[in-house]
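Welcome to this short tour. Keep your viewer open and your selection tool ready, and we will go from stop to stop.

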Amino acid sequence: HSVGRIAPNDAGRRFQGQPVIPDIDLTEHDAYNWGISKLHASITVRPNGGLFITDLGSANGTSIRGIRLQINRPYPVHNGDVFHIGRLKMQFVVYGQ
């Protein structure tokens, strides 16, 4: 999923009857079995180009570079960083750099 907005992009999974659907929907990637909450984390691009990830109070946590994130505290992310949303391992890749 490309993050092209300054506003946050919430990552999580769909749930029947849930009024809010995450911008980055990981449902098709077996999100429930990977321990991904309905609204798990937020990825934000700031006007200066900085990229941040924030855990939104998920049940199974978010970690980056092996460090578990504190809830509602943005952490900087850099090209190539490996992170976990629940138990799902992902990598930030910025194209064109």
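Why does Leu 56 count as partly exposed? Leu 56 has 32% relative accessibility, so it falls in that class, which lies between buried (under 20% relative accessible area) and exposed (over 50%), with a 1.4 Å probe and protein chains only.

Before moving on: this is a predicted model, where local features need pLDDT of at least 70, side-chain atom pairs count only at pLDDT 80 or more, and totals for chains, interfaces and linings use all residues. Residues are numbered from 1 along each chain as its sequence is written, and side-chain values use heavy atoms, leaving out hydrogens and water.

**The core.** Now select Ile 53, Ile 64 and Phe 92: within the largest nonpolar core, which has 18 residues, these touch the most other members. Such a core is a set of buried Ala, Val, Leu, Ile, Met, Phe, Trp, Tyr and Cys residues joined through side-chain atoms within 4.5 Å. Colour β3 (39-45) next, as this strand gives the most to the core, with 3 residues. Strands here are DSSP runs (E, at least two residues), numbered from the N terminus.

**Around Ile 64.** Centre on Ile 64 and show its contacts (heavy atoms within 4.5 Å). Leaving aside residues up to four places away in sequence, its partners include Ile 53, Leu 69, Pro 76 and Phe 83.

**The rings.** Finish with Phe 83 and Phe 92, both buried. Their rings form a stacked aromatic pair, 4.3 Å centre to centre with 25 degrees between the planes. Rings of Phe, Tyr and Trp (its six-membered ring) pair if their centres lie within 6.5 Å; planes under 30 degrees apart count as stacked, over 60 as edge-to-face and the rest as tilted.

Terms used: Helix = DSSP H or I, 4+ residues; strand = E, 2+ residues; numbered from the N terminus.
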